[in-house]
Amino acid sequence: MNTVCSINLYEDGTEKLYEKLCERLQELELIFDVNNSESEISKVNAAAGTGNAISVSRDFANVLEIALKVAEETDGAFNPSCGPLVKLWGINTDHAKVPADEELEKILPLCDYRNVIFTPATNSPSGLENKSAGGEVSLSLSGMSLDLGGIVKGYAADELVSILKANNVKRAILDLGGNIYVYGQKKDKSPWKVGVKNPDNPTGEPKLVLECSESSIVTSGVYERFFEQDGKHYHHIIDCKTGRPVENGIASLTIICGSSLWADVLSTTLFVMGEEKIEKMDFERFTPEFEYIIIMNDGEIIRSRF
Ligand code: AMP
Ligand code: MG
């Protein structure tokens, strides 16, 4: 996942269980790693424009289904087909640069999520679901590519949490590159404390310390992955309507939610939407319950109902 993951299982942390969790992470990495040409996502991307639909696993289908649903509900604020733009900007690579306007214009039509064709697996004739297959995916236009970097860490965290539950783990902290899950309860029954970084000084004192019961806390921030050119800061969250990093005054956006998948997808989505659209949106129609905290560039903090 191109990041550092840490897992603390406290008193239930046996070697065997840590191994099981790492194996599950590696399994997911083999599905979603865009840098591995054998991964499912790479196979889907390589088949773009050929008319071939690629069979995908249940894991892949679970993630893509939510990604497309959120894309539809938010008019593409979350856009799983942003791959060509992410590649063009090269953020977090050694060839990051501001693209020319013409390059952007050429690439924008390749980032229309409506050209991602997903056919979920149907029930088998006997009425039993086929557990191994998630369905088929094809990308209509040559040059299109999926990028699920804004959602997959959350899915991975939820998958680890189901292993914790199945193994009766009492308490744990998962940190998948900043995708936090505080699980169970602390020994002294006090709430978990989770810091929200100060966007102006991400390695310094946190801007806020949240007190949480079991939940996932996920932040999308301008300081996470970025480069500078001619004194200007270009971060990794792209508005696929303009093709450029989002500039709406938000420095970071944190979601607190029982599902890490939803916390992850919503942190990216709400970041793109911006404050005004967030306030008008009826999220309850298509998301589980969640809370958000926005830190604006000028340091102002905006919170949902607390
Ligand atoms: P996050 O840190 O969870 O907000 O995810 C950011 C990552 O999601 C980026 O590094 C890209 O891989 C991808 N991404 C960037 N812009 C978008 C977007 N508008 N919709 C969906 N994914 C995006
Ligand atoms: Mg995200």
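Biologist: Let's start with D264: is it buried or exposed?
Modeller: D264 is buried, because its relative accessible area is 4%. Buried means under 20% relative accessible area, exposed over 50% and partly exposed in between, with a 1.4 Å probe and protein chains only. One caution: this is a predicted model, where local features need pLDDT of at least 70, side-chain atom pairs count only at pLDDT 80 or more, and totals for chains, interfaces and linings use all residues. Residues are numbered from 1 along each chain as its sequence is written, chains are lettered from A and ligands numbered from 1 in the order in which they are written, and side-chain values use heavy atoms, with hydrogens and water left out.

Biologist: Which protein donors does the magnesium ion have?
Modeller: For the magnesium ion (ligand 2), they are G150 (O), D264 (O), D264 (OD) and T268 (OG1), at 2.1 to 2.6 Å. Donors here are N, O and S atoms within 2.8 Å of the metal (3.2 Å for Na, K and Ca); water is not among the atoms, so sites may look incomplete.

Biologist: How are those donors spaced along the chain?
Modeller: The spacing is G-x113-D-x3-T. D264 and T268 both sit in helix α7, four residues apart, or about one turn of the helix. Helices are DSSP runs of H or I with at least four residues, strands are E runs of at least two, and both are numbered from the N terminus.

Biologist: And T268, buried or exposed?
Modeller: T268 counts as buried, because its relative accessibility is 14%.

Biologist: Switching to ligand 1, how many residues surround it?
Modeller: There are 16, and the closest are N79, D147, S220, I238 and T268. To be near, a residue needs a heavy atom within 4 Å. Helix α7 (residues 260-280) gives the most to that shell, with three residues.

Biologist: What polar contacts does ligand 1 make?
Modeller: A polar contact is a pair of N or O atoms within 3.5 Å. One ligand nitrogen is 2.7 Å from a polar backbone atom of I238. Ligand oxygen atoms come in at 3.1 Å from a side-chain N or O of H236, and at 3.0 Å from one of D264.

Biologist: Zooming out, how many helices and strands does the chain have?
Modeller: The protein chain has seven helices and 16 strands. Its C-alpha atoms fill a box of roughly 60 × 55 × 40 Å along the principal axes.

Biologist: What share of the chain is buried?
Modeller: Buried residues make up 49% of the 306.

Terms used:
Polar contact = N/O pair within 3.5 Å; in protein donor to acceptor, adjacent residues only side chain to side chain.
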